Amino acid sequence: MGFIADSLNRIQPSATIAVSMKARQLKAAGRDIISLSAGEPDFDTPQNIKDAAKRALDAGKTKYTDVDGIPELKAAVSAKFKRDNNLDYKPSQISVGTGGKQVLYNALLGTLNLGDEVILPAPCWVSYADIVQLAGAKPVFVETKMEDGFRLRPDVLDAAITPKTKWFIFNSPSNPTGAAYSESELKALTDVLLADKNKHVWVLTDDMYEHLIYDGHKFFTPAQVEPALYDRTLTMNGLSKAYCMTGWRLGYAGGPEPLIKAMSKLQSQSTSNPCSITQWAAIEALNGPQDFIARNNAVFVERRDLVVAMLNQATGLSCPKPEGAFYVYPSCAGAIGKTSAKGTVIKTDEDFVTALLEEEGVACVHGAAFAGSPAFRISYATATETLKEACTRIQRFCGNLK
Ligand SMILES: Cc1ncc(COP(=O)(O)O)c(C=O)c1O
């Protein structure tokens with residue numbers, strides 16, 4: 001198809017969106033499907049945030065705004081960075097976009113040249129590598145291991161850095177593993193970046209799951225634990241996950257002014273401002289009561305513990321208990337090479353999730369989509385009863401493998 005741009009041949013459609021769509025189609029066709037594929041909370045957006053949106057609508061806040069965010073929202077973001085992360089970002093150092101995804105996209109497309117390298121600790125969120133490739137740059141996956149709690153080892157980071165490395169993308173708590181770094185674990189990584197030979201590397205930290213961290217673990221972000229990295233760090237965050245606002249589309253970042261300006265320039269030639277109503281709702285989200293987050297987290301912890309326990313009872317699966325986010329990432333190494341009840345030979349984690357969907361109606365995302373095989377991702381941001389039923393089906397599926 002010569003008409004389609006070559007750049008699009010370098011990327012894949014989002015695997016998580018593809019699995020969610022397939023699950024929706026099967027459901028619409030009458031199949032009994034449980035989808036554990038979507039990366040979004042099942043909780044509704046808090047009422048005070050919805051009310052702020054209604055007020056904005058009634059007040060006629062329906063016009064174009066400044067491209068990268070209204071001053072009131074930039075002030076709220078600036079206050080959030082100070083309050084939660086002890087980071088000073090002036091409004092001129094803040095960019096607001098249509099979801100964290102757009103902010104990341106702006107940062108990567110706005111900085112990468114052909115042949116640049118971007119280090120991605122794998123397994124990692126599906127979109128990083130594709131955005132890097134769209135920009136003509138090269139994703140460099142560095143492996144994290146289950147036995148290290150899926151945390152990157154400093155020597156592995158150091159060995160991956162070359163003169164072409166432009167960014168190190170960091171994501172804690174992580175999608176898909178839920179792994180979170182302690183202050184000292186993160187400091188060990190930032191120390192690597194302080195070495196003379198690594199001073200050209202910038203950090204793009206994706207703090208999307210900042211508030212979804214459990215069991216007394218604390219959240220840390222790179223520029224906070226290592227102030228010397230402040231001038232080469234983009235601290236990205238958003239409202240989708242903790243504020244249950246996936247559909248509203250709002251993300252933001254703080255960073256050095258020239259980078260923020262470049263990101264805004266790119267956004268000015270694509271979407272322009274994020275939705276005006278959403279921006280007013282975001283101000284309420286950031287400045288308003290935060291207590292619902294702890295309430296939601298208590299439910300997430302219960303569900304995580306349930307899912308981890310039930311998956312570890314399934315033959316051939318091994319599931320670590322993560323510190324944060326709302327995902328678990330079990331290994332299915334013990335299922336590879338076996339045959340399912342309906343005769344599918346499981347050669348890869350994609351075969352595993354495909355057969356699981358077809359035979360038991362449970363939709364999960366295969367580890368290959370996150371560059372971490374053989375494993376699969378389960379989102380436990382779903383009603384507890386539904387999770388129990390899903391895990392029962394997974395146990396049955398695994399128990400039937402021969
Ligand atoms: C790690 C991570 N970063 C960024 C995003 C993008 O979120 P949004 O564009 O909804 O703000 C997601 C969403 O799944 C994610 O999991």
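Predicted model: local features only at pLDDT ≥ 70, side-chain atom pairs only at ≥ 80, totals over all residues.
**Ligand site**

I started with the ligand and found 13 residues around it, of which Gly-100, Asp-206, Ser-240, Lys-241 and Arg-249 come nearest; a residue counts as near if one of its heavy atoms lies within 4 Å. Residues are numbered from 1 along each chain as its sequence is written, and side-chain values use heavy atoms, with hydrogens and water left out.

Next I sorted the shell around the ligand by type: four nonpolar, five polar and four charged residues. Here Ala, Val, Leu, Ile, Met, Phe, Trp, Tyr, Cys and Pro count as nonpolar, Asp, Glu, Lys and Arg as charged, and the others, Gly among them, as polar.

Then I looked up polar contacts, meaning pairs of N or O atoms within 3.5 Å. A ligand oxygen is 2.6 Å from a polar backbone atom of Gly-100, and a ligand oxygen is 3.0 Å from a polar backbone atom of Lys-101. For Tyr-209, an N or O atom of the side chain is 2.7 Å from an oxygen of the ligand. The protein covers 92% of the 400 Å² of accessible area that the ligand has on its own (Shrake-Rupley method, 1.4 Å probe).

I moved on to an open sheet of three strands in the order 9-12-11, with antiparallel pairing. Strands are DSSP runs of E with at least two residues, helices are runs of H or I with at least four, and both are numbered from the N terminus. Two strands pair if DSSP finds at least two bridges between them. The edges are strand 9 (327-328) and strand 11 (365-366), each pairing on one side only. Two bridges join strand 9 to strand 12 (residues 376-379), and Val-328 stands opposite Ile-378 in strand 12.

Most residues other than glycine have a negative phi, and most peptide bonds are trans. So where did I find cis bonds? Ser-172 to Pro-173 is cis, with omega near -15°, and Pro-173 is in the loop between strand 5 (165-171) and helix 8 (183-194). Ser-373 to Pro-374 is also cis, with omega near -5°; Pro-374 sits in the loop between strand 11 and strand 12.

Last, I checked Asn-86, whose phi is positive, near 55°. Asn-86 lies in the loop between helix 4 (71-85) and strand 2 (94-97).

Terms used:
Polar contact = N/O pair within 3.5 Å; in protein donor to acceptor, adjacent residues only side chain to side chain.
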